[in-house]
Amino acid sequence: MKHSGRASSAALKLILWTLVALIAIFVIGLIAKFVSSIIAALAVALIVLWLLFVLFTLYFFRDPNPRVPEGPGLIVAPAHGKIDIIDQINEPLFIGGPCQRISIFLSVFDVHVQNAPVAGRLGFYRYTTGQFLNALKAESATHNENALLGFHSTERPGVKIGVRLLAGLIARRIIPFAVEGDTVARGERISLIQFGSRTDLYLPLNAKIKVKLGDRAVGGETILATFE
């Protein structure tokens with residue numbers, strides 16, 4: 001009979017296409033489930049990483065109050081960290097000649113707020129752009145970006161004390177709190193360096209150094225030298 005079976009063929013085609021559509025929906029569902037599981041797993045990992053970052057940031061930016069020692073002629077540490085250089089250098093910008101240097105390396109685990117080594121007036125400030133060598137290297141003190149702060153001691157008129165804040169491989173931001181012309185107390189907060197760096201202290205040649213290489217310094221507390 002003419003056209004016999006065409007209706008059945010049309011029905012089979014319709015059934016076939018709906019089967020294809022159903023399989024496609026199942027496949028898309030499986031893919032979506034797989035992707036969503038990855039996203040869920042990554043979300044947990046990202047949240048954990050973010051929480052670790054929050055905890056480390058709070059730890060890194062801790063800012064304890066220093067127990068500033070009292071007494072005449074004391075010069076306290078301008079930074080927390082390990083003393084790894086004690087020598088004599090020429091500092092022409094503020095000291096204007098030879099001086100003693102005590103260099104302190106700050107790891108990422110040290111407090112990064114700096115403190116005034118003596119009571120005095122901030123009479124000199126200069127920011128110098130430069131490289132970002134690893135602060136563990138001694139040459140970083142010469143080549144890295146830095147800020148030099150010069151203090152005129154109120155206790156010893158005419159005496160100059162310099163503090164150089166150095167950026168490092170990771171530390172690329174120096175934030176001074178004190179500005180030129182400010183009067184500061186011994187141990188007062190003067191700046192912040194972010195994420196590992198170095199701080200140099202420049203002393204007159206007649207200052208008596210009280211620390212040695214390898215000692216740990218606490219900013220605003222440890223007596224690094226005295227005026228004799």
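A salt bridge here is a side-chain nitrogen of Lys or Arg within 4 Å of a carboxyl oxygen of Asp or Glu. The model is predicted. By this rule, nine salt bridges are counted.

Take Arg-189 and Asp-63. They form a salt bridge, and their closest N and O atoms are 2.7 Å apart. The pair links distant parts of the chain, 126 residues apart. Arg-189 sits in strand β10, while Asp-63 sits in the loop between α1 (6-60) and β1 (74-76). Arg-189 has a relative accessible area of 27%, which makes this residue partly exposed. Asp-63 is also partly exposed, at 38%.

Next come Asp-200 and Arg-101. Their side chains meet in a salt bridge at 3.6 Å, N to O. Asp-200 belongs to strand β11 and Arg-101 to strand β3, so the pair ties together parts 99 residues apart in sequence. Both Asp-200 and Arg-101 are buried.

A further salt bridge joins Arg-216 to Asp-110, with the closest N and O atoms 2.5 Å apart. This pair, too, links distant parts of the chain. Arg-216 lies in strand β13 (residues 216-217), and Asp-110 lies in the loop between β3 and β4, 106 residues away. Asp-110 has 7% relative accessibility, so this residue counts as buried. Shared partners also matter for the picture: salt bridges join Asp-87, Arg-101 and Asp-200 into one network.

Strand β10 leads on to a sheet. Three strands make up this open sheet, in the order β4-β10-β8, with antiparallel pairing. The edges are β4 (113-115) and β8 (174-176). Each has a single partner strand, so one side of each has no neighbour in the sheet. From one strand to the next, the twist averages 25 degrees. Between β8 and β10 there are three bridges. Ile-175 has Leu-192 of β10 as its bridge partner.

Now turn to the nonpolar side chains. The largest nonpolar core has 31 residues. Those with the most contacts inside this core are Ile-75, Phe-151, Ile-161, Leu-201, Leu-203 and Leu-224. Several strands supply at least two core residues each, including β3 (97-106), β10 (189-193) and β11 (197-203). Another core, of six residues, lies apart from the largest one. Among its members are Ile-95, Cys-99, Phe-124 and Tyr-202.

What does Ile-75 touch, leaving out residues up to four places away in sequence? Its contacts include Pro-117, Val-118, Ile-161, Leu-201 and Leu-203. Ala-207, Thr-222, Ile-223, Leu-224, Ala-225 and Phe-227 are also among them.

How values were computed:
Residues are numbered from 1 along each chain as its sequence is written. This is a predicted model: local features need pLDDT of at least 70, side-chain atom pairs count only at pLDDT 80 or more; totals for chains, interfaces and linings use all residues. Side-chain values use heavy atoms; hydrogens and water are left out. A nonpolar core is a set of buried Ala, Val, Leu, Ile, Met, Phe, Trp, Tyr and Cys residues joined through side-chain atoms within 4.5 Å. Buried means under 20% relative accessible area, exposed over 50%, partly exposed in between (1.4 Å probe, protein chains only). Helices (H or I, at least four residues) and strands (E, at least two) are DSSP runs, numbered from the N terminus. Contact means heavy atoms within 4.5 Å. Two strands pair if DSSP finds at least two bridges between them. Axes are lines fitted to C-alpha atoms, for helices over the stretch in contact, and angles run from 0 to 180 degrees between N-to-C directions.
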